[in-house]
Amino acid sequence: TEIYTLSLHDALPIYKLQTDNYTMLVLDSLTAASRTSSTKNVVKEDYDRVAVLRDMCHDFNLAGIVIHHSNKRDSKETDALDLVSGTGGLAAAADSVMVLVRNKGDRILEFRSRCTDQDDLAMTLDWNNGGWTVQGHAIDKLPPEQRRVVDALERHGALTPKVLAST
């Protein structure tokens, strides 16, 4: 395993990817690897920052992970994509986005993707057993009343609130 500290604008990453056998690109963190600019189109700039990494991974058949910070919004009131700090351009350029959120003491890894099924996972952190572990599907951890709503929708498909309440 080799670890490099470099700018995305250096020629070294492309040279290394062309000459060595890498399988994964991990960028920790997107903010640290980005340079600032005075552009007025910040959505496009955010999109381009992630798109260059996505394209590099596609071109060299790499798994790619970009670590970035979340904003301070309440995870119960918004979707995981809205929790990504920055503009919507960051999430729009990514093939998949995972956000670790805290919900009443539980940790949920929310997963959004255009390439595969989306399945949020319930997680726990236990340093005595090696760190993060998956406890199951987040939907399995729903309170009983929310679980009944999901079950009814899975059985019957789309329902109006009135019909849903009567099932």
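**A pocket and its charged neighbours**

The lining of the largest pocket is made up of 23 nonpolar residues, six polar and two charged. Here Ala, Val, Leu, Ile, Met, Phe, Trp, Tyr, Cys and Pro count as nonpolar, Asp, Glu, Lys and Arg as charged, and the others, Gly among them, as polar. This is a predicted model, in which local features need pLDDT of at least 70 and side-chain atom pairs count only at pLDDT 80 or more, while totals for chains, interfaces and linings use all residues. Residues are numbered from 1 along each chain as its sequence is written, and side-chain values use heavy atoms, with hydrogens and water left out.

Start with the pocket. Rolling a probe the size of a water molecule over the atoms shows where empty space is left. On a 1 Å grid over the protein atoms alone, a pocket is an open set of points where a 1.4 Å probe fits, with protein on both sides within 12 Å along at least five of seven lines; lining residues have an atom within 4 Å of a point. The largest pocket has a volume of about 950 Å³, the volume being the space filled by probe spheres set on the points, which are joined across faces, edges and corners. Its lining has 31 residues, and Ile 65, Val 66, Ser 96, Val 97 and Met 98 lie nearest the centre. Several elements supply at least two lining residues each, including helix 3 (42-59) and strand 2 (63-67). Helices (H or I, at least four residues) and strands (E, at least two) are DSSP runs, numbered from the N terminus.

Now follow helix 3 to Arg 54. Is Arg 54 buried or exposed? Arg 54 is buried, at 17% relative accessible area. Buried means under 20%, exposed over 50%, and partly exposed in between (1.4 Å probe, protein chains only). The side chain of Arg 54 makes a polar contact with that of Tyr 47, at 3.5 Å.

Side chains of opposite charge can pair when their charged atoms come close. In a salt bridge, a side-chain nitrogen of Lys or Arg is within 4 Å of a carboxyl oxygen of Asp or Glu. How many salt bridges does the whole structure hold? The search finds eight. One joins Arg 54 to Asp 55, with the closest N and O atoms 3.0 Å apart. Asp 55 is partly exposed, at 34%. Another pairs Asp 120 with Arg 112 at 2.9 Å. Arg 112 is buried, at 18%. Shared partners link Glu 110, Arg 112 and Asp 120 into one salt-bridge network.

Terms used
A polar contact is a pair of N or O atoms within 3.5 Å; within protein, one must be able to donate a hydrogen and the other to accept it, and residues adjacent in sequence count only if both atoms are side-chain atoms.
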